[in-house]
Amino acid sequence: MGDEKKAKSIGVWPTVKPFVNGGTSGMLATCVIQPIDMIKVRIQLGQGSAGLVARNMLKEEGFGAFYKGLSAGLLRQATYTTARLGSFKILTNKAIEANDGKPLPLYQKALCGLTAGAIGASVGSPADLALIRMQADATLPEAQKRHYKNAFHALSRIVKDEGVLALWKGAGPTVVRAMALNMGMLASYDQSVELFKDNLGFGEAATVIGASTISGFFAAACSLPFDYVKTQIQKMQPDAEGKLPFSGSLDCALKTLKSGGPFKFYTGFPVYCVRIAPHVMMTWIFLNQIQKLEKSVGL
């Protein structure tokens with residue numbers, strides 16, 4: 001009986017492993033990056049430069065403000081990153097098998113990244129919505145503040161006040177943004193690892209740092225316009241007449257383009273890039289360490 005259970009566990013673990021490892025590494029990285037992500041959201045909401053936002057938050061709200069929404073951020077990683085990194089690993093492994101074990105060309109990695117991003121965003125959209133609302137709450141007038149206590153309180157309130165489908169409000173731009181981000185991040189990371197490790201002979205540490213920096217830049221450049229629209233859609237509230245500022249993501253994009261030009265979509269790009277690149281780097285470092293630990297204990 002014991003051997004049968006062990007065999008079953010071994011059989012299930014290889015399938016579950018990429019999802020568990022991906023989610024765990026993403027959650028650990030989020031604990032470090034959360035303050036930068038908080039500042040990025042405030043910049044996108046028009047509160048000024050990174051330095052000004054940080055000073056005002058510290059002065060008016062205290063140090064804890066930098067970690068507001070952490071529970072939602074961790075929940076987002078537990079859903080979104082678990083799904084996207086796990087899916088990407090499985091998709092690339094299947095593609096490599098179909099390619100007779102040869103390394104994948106860049107376009108196939110990009111397709112795997114797009115697909116993994118769509119899967120992850122679909123699963124993680126409710127947590128993402130809760131995170132955005134919790135981070136934006138302090139910027140709203142007192143009468144409009146939602147006062148969510150944590151991620152689960154936010155989700156229950158959204159379902160109670162707006163219905164279950166409201167959990168996927170802004171899911172369209174969220175999915176598109178995730179597809180763009182994962183195409184840029186995962187495909188360029190894998191490609192950079194091959195370049196640094198196989199062609200240039202870099203060591204493990206230099207390969208991870210170099211590849212994550214490149215993938216972080218491409219992830220930011222590809223996804224920030226979609227992230228900007230997504231943030232505007234998710235935080236919008238009806239005016240006194242009950243009318244929303246945007247009818248949808250396309251309307252938001254067109255109005256933004258008309259009022260601020262194409263560079264308006266790149267509001268907060270330096271902070272966004274600084275936030276994305278370290279998160280990518282730490283996610284891969286944590287993932288590498290988790291895999292080493294598992295190997296050392298025979299998992």
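**Helix packing and pockets in the predicted model**

Arg177, Leu181, Met185, Leu186 and Tyr189 of helix α6 meet Tyr272, Arg275, Ile276, Val280 and Trp284 of helix α9, where contact means heavy atoms within 4.5 Å. By class, this contact of α6 with α9 holds eight nonpolar, no polar and two charged residues; Ala, Val, Leu, Ile, Met, Phe, Trp, Tyr, Cys and Pro count as nonpolar, Asp, Glu, Lys and Arg as charged, and the others, Gly among them, as polar. The model is predicted, and local features need pLDDT of at least 70, side-chain atom pairs count only at pLDDT 80 or more, and totals for chains, interfaces and linings use all residues. Residues are numbered from 1 along each chain as its sequence is written, and side-chain values use heavy atoms, with hydrogens and water left out. Helices (H or I, at least four residues) are DSSP runs numbered from the N terminus.

The axes of α6 and α9 come within 12 Å and cross at roughly 55°. Axes are lines fitted to C-alpha atoms, for helices over the stretch in contact, and angles run from 0 to 180 degrees between N-to-C directions. The angle makes α6 oblique to α9; angles under 35 degrees count as roughly parallel, over 145 as roughly antiparallel, 65 to 115 as roughly perpendicular and the rest as oblique. α6 passes α9 in a right-handed crossing, that is, with the near helix turned clockwise from the far one by less than a right angle.

Helix α6 (residues 171–199) also packs against helix α3 (residues 70–98), at an angle of about 50° and with the axes 12 Å apart. α3 is therefore oblique to α6, and the crossing is right-handed. From α3, the contact involves Arg76, Tyr80, Arg84, Leu85 and Phe88, and from α6, Arg177, Ala178, Leu181, Asn182, Met185, Leu186 and Asp190. Seven of these residues are nonpolar, one is polar and four are charged.

For α7 and α9, the packing angle is about 135° and the axes lie 7 Å apart. These two helices are therefore oblique to each other, and their crossing is right-handed. The contact of α7 with α9 comprises 16 nonpolar, five polar and three charged residues.

The largest pocket contains about 940 Å³ of space. On a 1 Å grid over the protein atoms alone, a pocket is an open set of points where a 1.4 Å probe fits, with protein on both sides within 12 Å along at least five of seven lines, and lining residues have an atom within 4 Å of a point. Grid points are joined across faces, edges and corners, and a volume is the space filled by probe spheres set on the points. Among the 27 lining residues of the largest pocket, Lys89, Tyr189, Asp190, Trp284 and Gln291 are the closest to its centre. At least two lining residues come from each of α1 (2–44), α3, α6, α7 (204–235) and α9 (269–296). The lining comprises twelve nonpolar, seven polar and eight charged residues.

The second largest pocket holds about 170 Å³. Its lining includes Arg133, Arg146, Arg157 and Lys169, together with Asp161 and Glu162. Helix α5 (residues 151–162) gives the most to this lining, with three residues. By class, four lining residues are nonpolar, two polar and six charged.
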